[in-house]
Amino acid sequence: MTGKLYRENQYIKEFEANVISCIPVKGGYETVLDKTAFYPEGGGQPGDRGFIGSSSVTDTVERGEDIIHICKSAVQGKVRCSIDWNFRFLNMQQHTGEHIFSGILHSLTGFDNVGFHMGETDVTVDFNGPVTGEILLQTEKKSNEIIWKNIPVKEIFPSAEELSGYEYRSKKEISGQVRLIDIEGADLCACCGTHTAYTGEVGLIKAVSMINYKQGVRITLKIGARALDDYIIKNENAAEISASLCAKTEEIASAVEKLKEKLSREHLGFTELKKKYFGLLCSELTADYPVVFDDSGSADDAKILADMIAKKYPVGYAFSGNDDDGYKYSAVSAVTDVRETGKKINAALNGRGGGKPEMITGSVKASRVEIESFLKEKVLQG
Ligand SMILES: [Zn+2]
């Protein structure tokens, strides 16, 4: 049975212990110590990382009464151990923050936290009922007030008899001694994880999104150091958008909206102009030479143009591009199979592409002069 130093004091970062066993397994060594401050994965909290002697520890899990440290290399005897404190403290912030937020949302709505995930970048909590934006804001505000009050995060180990007198949240059925985490005014919840000693250490809780999920909602939280990281990224982005749109940071959303409206108006105008331009390009064609060149280099434009021509003549040909980059092309016909013509074009003009009997698309690597003389001599001669 491994002694659990993290239960006595969750702030132990370094300790000495004796190696009880160190067994080689695929990818490392499973090491058991006589006592440990490494927290094993549980209660939604990931296992600790760090060092045992000179070996790094990549994960910690609980198996029966033992705590297994997944080591990179073998260790033995008396060892000096250190846990990755940044990682652990971040996890303590996340866990404590989640208690505060879930407890307050529960007290405001009666809904239960039915899913909890501590991810690499955020925490998600699932509730079994609908939550309004207003309630979400209220929960966030009250949660941060509890943080600023800097009240103690207490542990209670009630007897079975005492336990029946408590009204507490619980994420799953628990057997044996129950450990309640008590945050006055916010939450009372059965939990096996590690928490900060005072709420103030959580720093900040920000709900960054809420989506409908199953019968309720899934809320994404940024807690502690992650809330600051999130603020830094968003602030940088907001500042850049603000500078490029010449708008105050608190007004960038409406500035982007205006820009989108302007773009969509201009796009409409552009589409109208393009239609007129294509009409002009097609107006001077003759049945002997139903071919149009356009310089946009767009496969879509070539298709639209070929289609316009084919409405007046048996076959329409359109090439879009320039001599340096090559041309996108399309041939359209309602009366003849254009696939054979496509093969000829590809073979003669270093091209590729194909399609259906009534429309082919592709590209060629040839100059306009080469394309025109090929079409005149080999395609349109008869
Ligand atoms: Zn907890």
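**Note on helix packing and the zinc site**

1. Helix 2 passes helix 3 in a right-handed crossing. A crossing is right-handed if the near helix is turned clockwise from the far one by less than a right angle, and left-handed if anticlockwise. Helices (H or I, at least four residues) and strands (E, at least two) are DSSP runs, numbered from the N terminus.

2. This is a predicted model: local features need pLDDT of at least 70, side-chain atom pairs count only at pLDDT 80 or more, and totals for chains, interfaces and linings use all residues. Residues are numbered from 1 along each chain as its sequence is written, and side-chain values use heavy atoms, with hydrogens and water left out.

3. Helix 2 and helix 3 (residues 133–149) pack at about 130°, their axes 9 Å apart. Axes are lines fitted to C-alpha atoms, for helices over the stretch in contact, and angles run from 0 to 180 degrees between N-to-C directions. That makes helix 2 oblique to helix 3. Angles under 35 degrees count as roughly parallel, over 145 as roughly antiparallel, 65 to 115 as roughly perpendicular and the rest as oblique.

4. On the helix 2 side, the residues that meet helix 3 include I100, F101, I104 and L105. Contact means heavy atoms within 4.5 Å. The residues of this contact of helix 2 with helix 3 divide into nine nonpolar, four polar and two charged. Ala, Val, Leu, Ile, Met, Phe, Trp, Tyr, Cys and Pro count as nonpolar, Asp, Glu, Lys and Arg as charged, and the others, Gly among them, as polar.

5. Now the metal. The protein donors of the zinc ion are H95 (ND1), H99 (NE2), C191 (SG) and H195 (NE2), lying 2.0 to 2.5 Å from it. Donors are N, O and S atoms within 2.8 Å of the metal (3.2 Å for Na, K and Ca); water is not among the atoms, so sites may look incomplete. Along the chain, the donors follow the spacing H-x3-H-x91-C-x3-H. H99 lies in helix 2 (residues 85–109) and H195 in the loop between strand 13 (187–190) and strand 14 (205–213), so the pair ties together parts 96 residues apart in sequence.

6. The axes of helix 5 (residues 225–245) and helix 6 (residues 252–283) come within 10 Å and cross at roughly 50°. That makes helix 5 oblique to helix 6. Their crossing is left-handed. A238, I241, S242 and L245 in helix 5 meet I252, A255, V256 and L259 in helix 6. The residues of this contact divide into seven nonpolar, one polar and no charged.

7. Helix 8 (residues 339–348) and helix 9 (residues 368–379) have axes that come within 11 Å and cross at roughly 135°. Their crossing is right-handed.
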